[in-house]
Protein chains: 2
Amino acid sequence: MSDSAVETPSRGRRGRSGGREGNARRGGPAIRQMGWRDNIISDPPTEPIDAEGVEKIHHTAMRVLEELGIEMLNTEAIEVLRQHGATVKGSTVFMDRDMVMEKLSTVPSEFTLTPRNPEKKLTIGGKNIVFGNVSSPPNCSDLDTGRRTGTHKDYQNFIKLTQYFNCIHFAGGYPVEPMDIHPSIRHLDCLYDKLTLTDKVVHAYSLGAERVEDVMEMTRIAGGLTHEEFDATPRMYTNINSTSPLKHDQPMLDGLMRLARRGQPTVVTPFTLAGAMAPVTMVGAVTQSLAEGLIAVVLSQCINPGVPAAIGTFTSNVDMKTGAPAFGTPDYVRATQITGQMARFYGLPMRSSGVCAANVPDAQATMETMFSMMAAVTSGTNIVYHAAGWLEGGLCASYEKFIIDCEMLQNYQAYFDKMVVDDDTLAFDAMKEVGHNGHFFGIQHTQDRYEEAFYSPFLSDWQNYENFRDNGAVWTHDRANKIWKQILEEFEAPPMDEAIKEELQAFVAKRKEEGGAPTDF
Amino acid sequence: MSDSAVETPSRGRRGRSGGREGNARRGGPAIRQMGWRDNIISDPPTEPIDAEGVEKIHHTAMRVLEELGIEMLNTEAIEVLRQHGATVKGSTVFMDRDMVMEKLSTVPSEFTLTPRNPEKKLTIGGKNIVFGNVSSPPNCSDLDTGRRTGTHKDYQNFIKLTQYFNCIHFAGGYPVEPMDIHPSIRHLDCLYDKLTLTDKVVHAYSLGAERVEDVMEMTRIAGGLTHEEFDATPRMYTNINSTSPLKHDQPMLDGLMRLARRGQPTVVTPFTLAGAMAPVTMVGAVTQSLAEGLIAVVLSQCINPGVPAAIGTFTSNVDMKTGAPAFGTPDYVRATQITGQMARFYGLPMRSSGVCAANVPDAQATMETMFSMMAAVTSGTNIVYHAAGWLEGGLCASYEKFIIDCEMLQNYQAYFDKMVVDDDTLAFDAMKEVGHNGHFFGIQHTQDRYEEAFYSPFLSDWQNYENFRDNGAVWTHDRANKIWKQILEEFEAPPMDEAIKEELQAFVAKRKEEGGAPTDF
């Protein structure tokens, strides 16, 4: 806490981005939002277990790798691990803790991701935290037309919202699956949209060699990069999930290896629901998640020592009456915080998520998402997936929830501002001036500061009841409904060199002609 | 963190109260809730400023008391402070830091509050946190009939909800003002209801000598106590607010002194909205709040050294466009955390609140209240006022919000459970048993634990979308609407000795005959 009185100029209220209010507004009427900013969390993380507990979890995760092994359904991955010292029995890979710790020692604790607009470069690791859009739901909903299967149009809309909000730092997976595009060419249309409608960091699904290679190539083209420039530093990333318990599938491992060879990072995120695919005890579920995650990180280092990787957590509990997954529960928060302790133990950046089980953008959705975000902010999480728009345990992207969540993210970003204690903020002279019978509205100390003194919401309504009522008593989800439509109306794509756009179009056309990607796995 | 692997038996999942699910259900159908429990927060508080910042705030708060003084509109209080070393000019009282720190040295850092049911005794201070109902709104609302002025019936309903929920530890001020009872006798009817419909800790408004004395006497009668027994240990408390900037009013100070003489605690809570009655900088607003709060705590020690007192914070910001107060903002969270640092510096227990600016029980209300509760939980707050039911910056008590907030409080209580790392929770043998292709639902390790493994909500709906839709797609506020009505239907008052009840009735009748309390201040 020694530097807590120092305000970093680039993050402050009058920082490079215009401070809390920001400079993002281009004349559109929708909202006045915060500027683009890097977030540093100065508060120490919350640590629910002690050093002995950390050692016990580590020891047990190592026993899982040593004694139970992980099934790796990818012959190439098995062979690589075997060559680096692992023991293989059938498709099950065992490794001792010395090998694990040696391989983990080459993973950078912090790395950057540079998208086509280098001003939106992200730092992943340390005390940094970045937010991404909801990813991968097959459905979407809005309050006008209800819930339906996602379309290309919906996909584009959510990508526009992703670009619009400065509090969304990266364009993760597809914010909704465009089910009206054939899976063989879906990745081509989706990445073309993502790379032209946004200028933020993008992601490749590890769902087959062609998809992974196509996304890397399109990201390279969009950045105007040579192959060497692309390989030289992280430009994008992938995410892989294990098939818990204790198993990794072929395409996921393939994607990790393809990216690793080209210096691009993988976030390894086991999906361990306690009581279903993992032990019913949260500590056990975290332990299993770590064993599954670490073996994939080890694999990345065998392929390319020093390539960035991050550990993800998706450990939550199920409703033991129905088996339904639950998110944003107290158990989820604690599991995330413990995973954060373990990520720091292993020196790895960490990912968690802004998630909920609720079906509609109401009080429950907000409560669960707030708990998820509290988990992210207090655990030392560096990358937050699904930070805006997620409903139904990930089965639905909600337009209104996207807006509500961005209000929440802005609140958190303002919360990250350092508190400065100096004569100016202590304000003794202001108190002296006002005395016992005045008020502070009119004095110079207030006038000089009021415009940027406090966080100013774009969605929350601070009117008193009488004004709220006279203005139609519009609930938050209905205000959000109006806002996303205004944003889409005024949306402007970020600039892109015409030659690059044509190169991208040509690439997409060629790959479509070739049939895109196989869809038989 | 050295004891984080040790689970306190009385708080654990199988503790004295039946663990997370609890034993509170008496056969009523409304909900299955958590049992009554003491809450200990093991996580260290979040501290936004460093030791130097703490010293600077202290130094400036002392300068306010030394150089600016506080106007004390109570001649008795002025005289007491003068006799103890303060300097008086007119009605303004000045004191040097030596006097302040000497007087603060006798305040206990922890104390108990024992209501008529001693099983519901509360510990205030240390790592303990307790929750109370919304207090003092003139209006109330429910989704059936909308918003209206509070009535005696509404008052009784909210008192019943206060008693019903085990996560509500004390019955603070009136959860809604019963405007249909004349102010001269309102306190008599309200306290009679509170003392018969609940068996939890109660509070006296410091709004005139008669009210304060009546409430102390009724609390004594309800507890079946002699005057000596009442005086011997804290049985109830009062709350006083300063009239910021830098002023205390007559009746508030009178109430504090009356309670202090009888060994009963006061929570001193300046209401310092930054930019209005306090400096526009949050650090300055906190500093002013402390100066205002500390002088009243000093007064209590002059009256009765060692009588318990707590420092409250109500420092938030206003909307600088309209002057409307805002709550649950990032600025509010940081101000609360800094106040927590200062409370620990002075060795005082601390109070904060579960507050919001929203007008309806929607996403905004939940987000703001979640931020307020996050402030409470991370600041070292010991007493949380308004933890259930608050809307509109305190101008309205909402039936549905009360239910939603109790779900939130239960989530937080589950979050306070310590995480145990041992062979049982690490679950290596369970992972070994399930292997690479099984699942954990059916194994003995799961079967032995699933009923109490996770927090189980009473309001949140974890059904998948199809079931949610088929069951009517009921939003959270509408589910809450159904629940509060069910609870009121099945409510049973806690037992009370018939003789005590008659004594209370006789006291109320006598005092009404005498005209109650004057209403001319």
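How many bridges join strand β7 of chain A to strand β8 of chain A? Select residues 139–142 and residues 146–149 of chain A in this predicted model. Four bridges join the two strands, which run antiparallel. Three residues lie between β7(A) and β8(A), and the pair forms a hairpin.

**From the hairpin to chain B**

Remain on strand β8 of chain A and select A:Arg147 together with B:Glu466. Their side chains meet in a salt bridge, at 3.9 Å from N to O. This pair joins two chains, because A:Arg147 lies in strand β8 of chain A and B:Glu466 in helix α17 (residues 465–470) of chain B. A:Arg147 has a relative accessible area of 24% and is partly exposed; B:Glu466, at 35%, also counts as partly exposed.

Next, select A:Asp43 and B:Arg334. These residues form a salt bridge, with the closest N and O atoms 2.9 Å apart. This pair too crosses between chains: A:Asp43 is in the segment before α1 (51–68) of chain A, and B:Arg334 is in helix α10 (residues 330–346) of chain B. Are A:Asp43 and B:Arg334 buried or exposed? Both residues are buried.

**Further salt bridges**

Move to B:Asp154 and B:Arg148, which form a salt bridge whose closest N and O atoms are 2.7 Å apart. B:Asp154 has a relative accessibility of 5%, so this residue counts as buried. B:Arg148, at 24%, counts as partly exposed. Then select A:Asp214, A:Lys510, A:Arg511 and A:Glu514, which are linked in a network of salt bridges. Over all chains, the structure holds 54 salt bridges.

**The nonpolar core**

Now select A:Phe165, A:Ile403 and A:Tyr412, then B:Phe165, B:Ile403 and B:Tyr412. These six touch the most other members of the largest nonpolar core, which has 170 residues. In soluble globular proteins, nonpolar side chains tend to be buried together. Centre the view on A:Phe165: leaving aside residues up to four places away in sequence, the residues that A:Phe165 touches include A:Ile31, A:Phe402, A:Ile403, A:Phe458 and A:Ile487. A:Gln33 and A:Lys200 are also among them.

**Confidence in the model**

Finally, colour chain A by pLDDT. The average for chain A is 94, and 94% of its residues score at least 70. Over residues 1–27 of chain A, however, pLDDT stays under 50. Where pLDDT is low, the predicted coordinates should not be read in detail. The model scores ipTM 0.95 and pTM 0.95.

Methods
Residues are numbered from 1 along each chain as its sequence is written. Chains are lettered from A and ligands numbered from 1 in the order in which they are written. This is a predicted model: local features need pLDDT of at least 70, side-chain atom pairs count only at pLDDT 80 or more; totals for chains, interfaces and linings use all residues. Side-chain values use heavy atoms; hydrogens and water are left out. Two strands pair if DSSP finds at least two bridges between them. A nonpolar core is a set of buried Ala, Val, Leu, Ile, Met, Phe, Trp, Tyr and Cys residues joined through side-chain atoms within 4.5 Å. Buried means under 20% relative accessible area, exposed over 50%, partly exposed in between (1.4 Å probe, protein chains only). Contact means heavy atoms within 4.5 Å. pLDDT is the predictor's confidence in each residue, from 0 to 100. A salt bridge is a side-chain nitrogen of Lys or Arg within 4 Å of a carboxyl oxygen of Asp or Glu.
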